[in-house]
Amino acid sequence: MTHRFYCPPPLADIGQEFNLPNDVFHHAVNVLRMRVGDAFEIFDGHGHAVRAQLSHIEKKSARANTVTVLNQAVESPLPITLAQCLSASDKMDWTIEKAVELGVTHIAPLFSNKSQIKLTPERAAKKYEHWQRIVHAACAQSGRNVLPVLEQPQTIKAFLAQQKNNDAYKLLLHPAAAVPFKSLVKPTAHQNITILIGPEAGFDANEVTNATDAGFTSTLLGPRILRTESAGLATIAALQTMWGDF
């Protein structure tokens, strides 16, 4: 398996030598123990990727040469936004990682009234940086060259206010929903699909009302109630199976 790393653009031209970013140097040399001559891939998050080869390793830095341009395209034809209410412990990390692997294009972390996790502005900023690193790593692992957009954490009220004036295909996962998932009408070509997932304790009544007013359709995947960390992922997988590239 070829190791892949995220490097901010611009990528070096073919045959050009470049310095590895500090985090890539640490992971490649100190963690993976890569050596001069070892090949790897780098991607810029905007759809471009190259194969490179380590050329020099110093104590605290390393350089590499770009060898060839890579043209693999693995992005889903479905533009999916996962609007995920914050979950406790490492559940949110896991959900973000797997959502990236499944092909989402946007992730919107939300504070909801029943969320068990509360973050100060300082902690929210640190969480955002942590989640961004998870997005980078998940793209590297899954072969994606385009980074999904990770939104700053916001309240569900603010998020729903923004949703009122767009024409996205909006789904609210809710155990009391009247519309079965398998009966949903297919979205139009290139229409953004937004999935809204509640926290461990679920949405409160006002949040459901506000989501409905914003154009969300309440639906459920089946008779079993899923946990917050798996509901969105199961929905993404189902969408990719019905209308995407699964």
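Does R4 count as buried or exposed, and at what relative accessibility? I found that R4 counts as buried, at 12% relative accessibility; buried means under 20% relative accessible area, exposed over 50% and partly exposed in between, with a 1.4 Å probe and protein chains only.

**Basis.** I worked from a predicted model, in which local features need pLDDT of at least 70, side-chain atom pairs count only at pLDDT 80 or more, and totals for chains, interfaces and linings use all residues. Residues are numbered from 1 along each chain as its sequence is written, and side-chain values use heavy atoms, with hydrogens and water left out.

**Overall.** I noted six helices and 13 strands in the chain; these are DSSP runs numbered from the N terminus, helices being H or I with at least four residues and strands E with at least two. Of the 246 residues, 46% count as buried.

**Salt bridges.** I looked up side-chain pairs in which a nitrogen of Lys or Arg lies within 4 Å of a carboxyl oxygen of Asp or Glu, the definition of a salt bridge. The whole structure holds seven of them. R4 pairs with E41, their closest N and O atoms being 3.1 Å apart. This pair links strand 1 (residues 4-6) to strand 3 (residues 39-43), across 37 residues. E41 is also buried, at 9% relative accessibility.

I next examined R144 and E75, whose side chains meet at 2.7 Å, N to O. R144 is in the loop between helix 3 and strand 8 (149-150), and E75 is in the loop between strand 5 (62-70) and strand 6. R144 is buried at 4%, whereas E75 is partly exposed at 30%.

**A charge without a partner.** I then turned to D93, in helix 2 (residues 91-102). D93 is buried yet has no salt bridge, and the nearest side chain of opposite charge, K127, is 4.6 Å away. Beyond its neighbours within four places in sequence, D93 is in contact (heavy atoms within 4.5 Å) with H130, W131 and I134.

**Nonpolar core.** I took a core to be a set of buried Ala, Val, Leu, Ile, Met, Phe, Trp, Tyr and Cys residues joined through side-chain atoms within 4.5 Å. The largest has 40 residues, of which I80, I195, I236 and L239 touch the most other members. Helix 3 gives the most to this core, with eight residues. Leaving aside neighbours within four places in sequence, the contacts of I195 include I80, L171, I236 and L239. Apart from this core I recorded another, of 18 residues, among them L11, L54, A62 and A64.

Key. Lys and Arg count as positive and Asp and Glu as negative; His and the chain ends are not counted.
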